[in-house]
Protein chains: 2
Amino acid sequence: MNGKRSVDESLAVRVRAAAEELNYSASPLARSLVLGKTNTVAVVVPDLGNPTFHGVLRGLSHGAGEQGYHVLIADSAESVTDERILAVETRRRCDGIVLVSPRMAEDDLQALLAELDPVVLVSRDAGASTTTPVVTADYEAGLRGLLDLLFDDGHRSMVFLSGNPQSASNVRRLAALDGFLRDRADVAIETLPCGVNFADGYDAADAVLATAATAVVAFNDLVAMGLLSALSERGVTVPQQLSVVGFDDIPFARYTTPPLTTAAVPVTELGEQAWRRMWRLLNREPAGEPLVFRPAIERRGTSAPPSPR
Amino acid sequence: MNGKRSVDESLAVRVRAAAEELNYSASPLARSLVLGKTNTVAVVVPDLGNPTFHGVLRGLSHGAGEQGYHVLIADSAESVTDERILAVETRRRCDGIVLVSPRMAEDDLQALLAELDPVVLVSRDAGASTTTPVVTADYEAGLRGLLDLLFDDGHRSMVFLSGNPQSASNVRRLAALDGFLRDRADVAIETLPCGVNFADGYDAADAVLATAATAVVAFNDLVAMGLLSALSERGVTVPQQLSVVGFDDIPFARYTTPPLTTAAVPVTELGEQAWRRMWRLLNREPAGEPLVFRPAIERRGTSAPPSPR
DNA sequence: GTCGGGCTGGAAAACGCTTTCGTCATTGGG
DNA sequence: CCCAATGACGAAAGCGTTTTCCAGCCCGAC
């Protein structure tokens, strides 16, 4: 049947014809069992509702599909405790697993990676001394780029709307903030705990307006858009009265009014590259260096020099 | 090991201890083979980039996860030809399959459903004489609601930005248009071919402005948002100069400026209910009547009575 | 004391494949 | 003309489970 082996062609033809007629094809299950491979990879995401993860999922699914692989999804629902169990359990049904932005502590992650073996990490690094392939974005550089942009526009008083403290990318952003403040003594940045969704940004409007800031750096585009929406309701004009920048450059970002200034993370490409790494791993090839995308600063309509008081 | 059978408790304890020690747990693959069930269901979507499908996927994944089921995703990339093969192939690796808004012709769909057997249909009906459970929204009623809203506001000249002609939901919308026009002789609605994404709506702006319409009904929220964005760039005020309504009520809809008037389709619930249907099917229970959600008209800021010339 | 019944635990069959092994026939060379 | 080598095909083993089946064993009853 499967093209191999030295079999008389006429017999092979008859077999194939019979298979066709009986509508037969080999059971993937049984094949998997004997072959020891399922032709399936899994993706674990913290929240299926997040557009960032959609992009990664799409890129990954696309790449995998291309090469005959299937993809299993698992949503940990932001639960740090379930993350591990979910990953381990899911891992058993496939050949490898992609962890997207896992929330767990670094020690736990390290231990887990060993257990999961063919595994690649997206949007999170594994700390030192790991051989796990990593595909991520340089959140620190991205945020720094946004801060520089605002600084160059003349902003000296800003607010940072921070995201999920569990999220590694939030930690990187905080680090960028620290570095920036070290370099620029004349700037004040207040960090406000916020969140990662529309509603979080929306709800943060009053707290933001209570400060003297002329610019706000949102954890991500979702938060920025929520804030934009609330500001518009309050009659605060953007960017005249307040500059707002986001992060990620989700598809919606360029369609806000005004279009959102943000740092572009190529999420689909993150997913595609994660698949490439996984593919190499599955073929026992070296997966290559960690891949770090540098977010591109997209200057659009929500940022401008502060207007004189 | 598995709690069953009459086995001496002390022995059972020893076995469990050994299993623990060896870090053993039964191979899901081998179990699946012998049990004839994989504890996995698949979802086939036409485009993983579409927020509507995200919602369905989320609802479904959540429900399935709750009951120990895994979910396999397959993206047909809007290819009508691949849809069938993808579904059949994917189906073999799981216990049942959910088809979300399949694009294929009704005849083909009917034939496919029989082959896929435990199958549920989302956002598309199967035509008559099928026993397949269906979970969908009443797109016709939704669009009719929007048209009535605009009519009651005084609009008599409108544009409909139509979506993918392959999509069944587009057909239903067109039917609503026909019905509406039959009832209201004094209304003119022009249908413009458009698409389903931001960019499509954005690109349609000039064509829309070339008409005399005072209101535009976009195929969905994405299209409406793209249009909104282009209108804002051209200095056209919404809703003063032009009313715009969308469809779906994606999470972003309420955060546009002004917030988008739309017909709300509860996508997550669509997914959850699809899972419930699937669950019943898997347990050989009757799946119940087709479930049709009636979209709720969300009157927000992008629609208003037309201003006098 | 012997026989039958109810448990328990281990062996074997089955799930549907792939791969290896062995057999038989065919052919070429000595 | 015989032997060995080659090659085609079928049989069997093994993948890791669950389920069925069978052989014991202990106990109670006659």
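This is a predicted model: local features need pLDDT of at least 70, side-chain atom pairs count only at pLDDT 80 or more; totals for chains, interfaces and linings use all residues.
Two strands count as paired if DSSP finds at least two bridges between them.

Another element of chain A is helix H11 (residues 267-282). This helix has 16 residues and spans 23 Å from its first C-alpha to its last, close to the 22 Å expected at 1.5 Å a residue. Buried residues of H11(A) include A:Val267, A:Leu270, A:Ala274, A:Trp275, A:Met278 and A:Leu281. In general, an α-helix has 3.6 residues a turn, so residues three or four places apart point the same way. The buried residues of H11(A) are covered by elements of chain A that include strand S1 (40-45), helix H3 (51-66), strand S3 (96-100), strand S4 (119-122), strand S5 (134-137) and strand S11 (291-293). After H11(A) comes A:Arg284, which has a positive phi, near 55°.

The description now turns to the two chains together. In their contact, 30 residues of chain B meet 30 residues of chain A. On the side of chain B that touches chain A, helix H2 (28-35), helix H3 (51-66), strand S2 (70-75) and helix H10 (221-233) of chain B each supply at least two residues. H3(B) gives the most, with six residues. By class, this side of chain B has 14 nonpolar, twelve polar and four charged residues.

Strand pairing also crosses between the chains: strand S2 (residues 70-75) of chain A is joined to S2(B) by three bridges, and the two run antiparallel. Here A:Ile73 has B:Val71 as its bridge partner in S2(B).

How is chain B laid on chain A? A turn of 180° with a shift of 0.0 Å along the axis superposes chain B on chain A with an RMSD of 0.1 Å. That is the relation of a two-fold axis. In chain B, the C-alpha nearest this axis belongs to B:Leu72, 2.2 Å from it. The same surface serves both copies, as 100% of the contact residues of chain B recur in chain A.

Terms used:
Residues are numbered from 1 along each chain as its sequence is written. Chains are lettered from A and ligands numbered from 1 in the order in which they are written. Two residues are in contact if their C-beta atoms, placed from the backbone, lie within 7 Å. Helices (H or I, at least four residues) and strands (E, at least two) are DSSP runs, numbered from the N terminus. Ala, Val, Leu, Ile, Met, Phe, Trp, Tyr, Cys and Pro count as nonpolar, Asp, Glu, Lys and Arg as charged, and the others, Gly among them, as polar. Copies are superposed by least squares on the C-alpha atoms of residues with pLDDT of at least 70 in both. The expected span of a helix is 1.5 Å times one less than its number of residues. A residue is buried if 20 or more other C-beta atoms lie within 10 Å of its own, exposed if 12 or fewer, and partly exposed in between; C-beta atoms are placed from the backbone.
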